[in-house]
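Hi,

Here is the structure I promised to pass on. Have a look at it first, and my notes follow below.

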Amino acid sequence: MSVRVHLYRKYSSLFEKVFFARLDQDIKISSGDTIPDPADFEILVHPTPKKAWIEASPNLHAIVIPWAGIPKNTREIMTAYPHISMHNLHHNSFNTAEFGLTLLLAAAKFLIPMDQTLRNNDWSPRYQPSQAILLRGKKALILGYGEIGQALGSYCLGLGMKVIATKRHPDHCSSDPDIQLFSPDKLHSLLPEAEVLFIALPLTEETEDLVGKKEINLMPKGSILINIGRGPIVNQYALYDSLVSEHLRAAGSDVWYNYPKSEASRQSTPPAEVPFGRLDNFVLSPHRGGMVEDVEKQRAKALADLLNAANRNLPIPNKVDLEMGY
C-alpha cells in the first residue's frame, strides 16, 4: 500500500518538477497550509508542526523537518508523541560547508576590509604590513562532525591543513584516516591546538554558550573562529572582546543572536547586542550559507528520496534523536 504524505507549504514549480519526476508514482501527495479533509496522511512535512497538525491524522507516524535540526518548541511538543519519529533533510550540507570555508578564507586573508578600501580607490593596504595568514599547515578543530563537519574536514585537508574534530560517539563513525576524532568532553584539552575553530553544531541545551571567554582564551593567540552552527553556541560578548583585544586574529559567522521579526525590520535589525559590524577582523553573513542557486532542486531530490524509502518499507533516513535535538 502506498504511503500518504502532506506537505505543509506549496513549493515552487521548479521544486515540483524535480520532486515529482523523482518520486515513486504511487505515493499520495497533498499540500497546503490548512489541515486536509480527510486528514489521513502518514507522513507530515512541516518545519514547525503544532499539536493540531500532529493530532489531525490518526495514521501519522513520521514528521519531516525540511532542514537540519529541530526547533526548541518543536522538541518540547514532540515529547508527548514518542510513537512519531522525526527526520531531517541534509540537502544543503555541502553548501554550508563550502560557505564555512569561504568565511575562513575571507577572514584569514582580511579580504573584506581590503575590498571596501579599494572600492574607494584607496590602494594603501597594498603597501602596509599584511595581516593575512597562510592556512596550509595550520590545525583546524571542527566541533560537530556530522555531514557538514565531514565536508569541512575534507576541504581543510585539501588546503593542506591538519584536522581534528569532536563527535558524540567517535568510535561509531568512519572518518577520513587523516582526521582524528574525539568525544565532546575533550574540548578543553583540544582548544589549545585549535588555530582554526569551526562551530558546526546544532543548538541544544548542551551546546548553548558552549564557547565562552574561558574556551576562547584556551585557543592560541592569533587563531580564527568560524561559526556556521547557531549563534548562541558562542557567547557573543566573549567573542567580541576577543576580537577587540586581538586574542582572536579574526572570525566569521553566518548565524546570529537576533533575527528580524517582520518584513519591515529586515533593514534595521542588528544581528547581535554587540557591534560586530564595526570590526575589520570579523566577516558577517546574513544566514545564507546553505543557499545556492540549485538549493530548490537539492531539497526536492532529498525529500523525494526520503519519501521513496518510506514507501518501499525501508528505514526512513536522517532520523533525529529527540533528546539530543539532532
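This is a predicted model: local features need pLDDT of at least 70, side-chain atom pairs count only at pLDDT 80 or more; totals for chains, interfaces and linings use all residues.

Setting aside neighbours within four places in sequence, Arg299 is in contact with Tyr11, Phe15, Pro66, Leu89 and His91. Is Arg299 buried or exposed? Its relative accessible area is 14%, and because the cut-off for buried is under 20%, Arg299 counts as buried.

Arg299 is part of helix H10, which spans residues 295-311 and lies across strands S1 (4-7), S2, S3, S4 and S5. Helix H10 runs at about 170° to S3.

Now for the sheet itself. Its five strands make an open sheet, in the order S2-S1-S3-S4-S5, with parallel pairing. At the edges are S2 (28-31) and S5 (85-88), each of which pairs on one side only. From one strand to the next, the twist averages 20°. Leu44 has Ile63 in S4 as its bridge partner.

Leu111 belongs to helix H5, residues 111-118. With a relative accessibility of 46%, Leu111 counts as partly exposed, because that class lies between the 20% and 50% cut-offs.

Cheers

Key. Residues are numbered from 1 along each chain as its sequence is written. Side-chain values use heavy atoms; hydrogens and water are left out. Helices (H or I, at least four residues) and strands (E, at least two) are DSSP runs, numbered from the N terminus. Buried means under 20% relative accessible area, exposed over 50%, partly exposed in between (1.4 Å probe, protein chains only). Two strands pair if DSSP finds at least two bridges between them. Axes are lines fitted to C-alpha atoms, for helices over the stretch in contact, and angles run from 0 to 180 degrees between N-to-C directions. Contact means heavy atoms within 4.5 Å.
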